[in-house]
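This report looks at a ligand's surroundings, at one helix, and at one residue in another helix. Please keep the sequence and the structure in view while reading.

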Amino acid sequence: MRRALRGWIVALLGCTACAPQLLAAPAEDQLPPALTHYKGREIAQTMHFEGAPWLTRESRDREEDCVRMLDGLHLKPGQTVCDLGCGNGFYSIRIAQLIGPTGRVLAVDIQPEMLTMLRERAKAAGVTNIKPILGTLVDPKLPPGEVDLILLVDVYHELSHPEQMLQAMRRALKPDGRLVLVEFRLEDPAVPIKLLHKMSKEQILKEVPPNGFKLVEQYDELPWQHVMFFQPDRPLAKTP
Ligand SMILES: C[S@@+](CC[C@H](N)C(=O)[O-])C[C@H]1O[C@@H](n2cnc3c(N)ncnc32)[C@H](O)[C@@H]1O
């Protein structure tokens, strides 16, 4: 376990001395095989829950300008926001405070340990409008057509089943809902994150629009990440 954690941190930050290990998929017979590559990109391993302290490190606000990223989402009180791949809830708690008691955060992760940490942190912060959801590799278990915004910070490049997840996110969004991807900039060699955990805008545009989304906004003013906003671009086919 400790070796897997060390491998993940080292892999993220750029040293190649430790080989990373993939998180085991849940034993669900119907699950399609996890992809190793998608549209020419190698999919990164899932961040192990023992690496969670990295998500709440003291330097994160300065390194990622998290306040500015949240400002750019233009959240409104009362909204339903999904923090997909929420980890230990670094963003879930801040979003819950921004949208207030009439809003709700659907905080999804595939690792129950991450959700346990999120619950503890939310309790300590006195935040009660977060609903933790244990998703699967193919299904975030979101209510259909109810979500104003789905945020993935440093998550999309880890999805082992990107097509199934994008379809599920489309189903969950309101017709004018937004999907927001925040990824470390592959285009910028000064961003000190290993290549596998970065994504270029060009690659994101190869992957997301063919799955039924259109790019509606983007900005690159954060220190390390680019932010891309998508909306569903055509009605979903009716399910029988
Ligand atoms: C690098 S962490 C980022 C956590 C959080 N977004 C943040 O910025 O603090 C990536 C998280 O995505 C989760 N994850 C990976 N694949 C997922 C999937 N298919 N559905 C939900 N969560 C997933 C991992 O378990 C991990 O907690």
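## The helix α4

Is α4 mostly covered or mostly uncovered? In this predicted model, α4 is mostly covered, with seven of its ten residues buried. The buried residues of α4 are Phe90, Tyr91, Ser92, Ile93, Ile95, Ala96 and Ile99, and what covers them includes the strands β3 (80-84), β4, β5 (130-134) and β6 (147-153), together with the helix α5 (112-125). Just after α4 comes Gly100, which takes a positive phi of about 75 degrees.

## Around the ligand

The ligand is surrounded by 23 residues, of which the closest are Met47, Gly85, Gly87, Phe90 and Val153. The elements that give two or more residues to this shell are α4 (90-99) and β4 (104-109). Sorted by class, the shell holds 15 nonpolar residues, five polar ones and three charged ones. Phe90, one of the closest residues to the ligand, is also among the buried residues of α4.

## Met114 in helix α5

Met114 is found in helix α5, and α5 is one of the elements that cover the buried residues of α4. Why does Met114 count as buried? Met114 counts as buried because it has 24 C-beta neighbours inside 10 Å, where 20 or more are required.

Leaving aside neighbours within four places in sequence, Met114 is in contact with Phe49, Ala52, Cys86, Gly87, Asn88 and Asp109. One of these contacts, Asn88, lies 26 residues from Met114 along the chain, although the C-alpha atoms of the two residues are separated by 4.9 Å.

How values were computed
Residues are numbered from 1 along each chain as its sequence is written. This is a predicted model: local features need pLDDT of at least 70, side-chain atom pairs count only at pLDDT 80 or more; totals for chains, interfaces and linings use all residues. A residue is near a molecule or strand if its C-beta atom, placed from the backbone, lies within 6 Å of it. Helices (H or I, at least four residues) and strands (E, at least two) are DSSP runs, numbered from the N terminus. Ala, Val, Leu, Ile, Met, Phe, Trp, Tyr, Cys and Pro count as nonpolar, Asp, Glu, Lys and Arg as charged, and the others, Gly among them, as polar. A residue is buried if 20 or more other C-beta atoms lie within 10 Å of its own, exposed if 12 or fewer, and partly exposed in between; C-beta atoms are placed from the backbone. Two residues are in contact if their C-beta atoms, placed from the backbone, lie within 7 Å.
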